Amino acid sequence: MSRLGNQVLVAGNITKDIKDFGPTQEGGKGHIAFSIAVNPKNDQGNPSFFDVAVYDGRSISDIKRNVTKGSYIVVSGYLNTR
């Protein structure tokens, strides 16, 4: 199934330290999670918050090495609601 109709691009600042969820079993893949705050363009109103989970191994290592709380980041992916 194509995800072309469900793509999102979010740019903002990381609000908390990145949580690292290592592999749950030997040989399994882990993931990281963090939140992004996006301020409104006109500086009126409240920021929007997005929870992000990253499962791609190379992206995980790059993010863990270069991104900390307060860093500005642009994330491209797809939306999943609960």
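Lys64 and Asp20 form a salt bridge in this predicted model, with 2.9 Å between the closest N and O atoms; the term denotes a side-chain nitrogen of Lys or Arg within 4 Å of a carboxyl oxygen of Asp or Glu. Because Lys64 belongs to helix H1 and Asp20 to strand S2 (residues 19-21), the pair ties together parts that are 44 residues apart in sequence. Helices (H or I, at least four residues) and strands (E, at least two) are DSSP runs, numbered from the N terminus. Lys64 is partly exposed at 44% relative accessibility, and Asp20 is partly exposed at 48%. Here buried means under 20% relative accessible area, exposed over 50%, and partly exposed in between, for a 1.4 Å probe and protein chains only.

A search of the whole structure gives two salt bridges. One of them joins the side chains of Asp62 and Arg65, at 2.6 Å from N to O. Asp62 and Arg65 are three residues apart in helix H1, so about one helical turn separates them. Asp62 is partly exposed, with a relative accessible area of 30%, whereas Arg65 is exposed at 57%.

Residues are numbered from 1 along each chain as its sequence is written. In this predicted model, local features need pLDDT of at least 70 and side-chain atom pairs count only at pLDDT 80 or more, while totals for chains, interfaces and linings use all residues; side-chain values use heavy atoms, with hydrogens and water left out.

Of its 82 residues, 22% count as buried. Among contacts (heavy atoms within 4.5 Å) with a separation of 6 or more, 54% are accounted for by residues 24 or more positions apart.

The largest nonpolar core comprises 12 residues: Val10, Ile14, Ile32, Phe34, Ile36, Val52, Val54, Ile60, Ile63, Val67, Ile73 and Val75. Such a core is a set of buried Ala, Val, Leu, Ile, Met, Phe, Trp, Tyr and Cys residues joined through side-chain atoms within 4.5 Å. At least two residues of this core come from each of S1 (7-14), S3 (31-38), S4 (48-54), H1 (57-66) and S5 (72-78). S3 gives the most, with three residues. With residues up to four places away in sequence not counted, the contacts of Ile36 include Val10, Val52, Ile73 and Val75.

His31 is also located in strand S3 and is partly exposed, with a relative accessible area of 21%. The C-alpha atoms of His31 and Ile60, 29 residues apart along the chain, are 7.1 Å from each other. Beyond four places in sequence, His31 touches Lys19, Asp20, Phe21, Ala53, Val54, Tyr55 and Ile60.

The largest pocket holds about 960 Å³ of space. On a 1 Å grid over the protein atoms alone, a pocket is an open set of points, for a 1.4 Å probe, with protein on both sides within 12 Å along at least five of seven lines, and lining residues have an atom within 4 Å of a point. Grid points are joined across faces, edges and corners, and the volume is the space filled by probe spheres set on the points. The lining has 27 residues, with Asp51, Val52, Ala53, Val54 and Tyr78 nearest the pocket centre. S1, S3, S4, H1 and S5 each give two or more residues to this lining, and S5 gives the most, with six.
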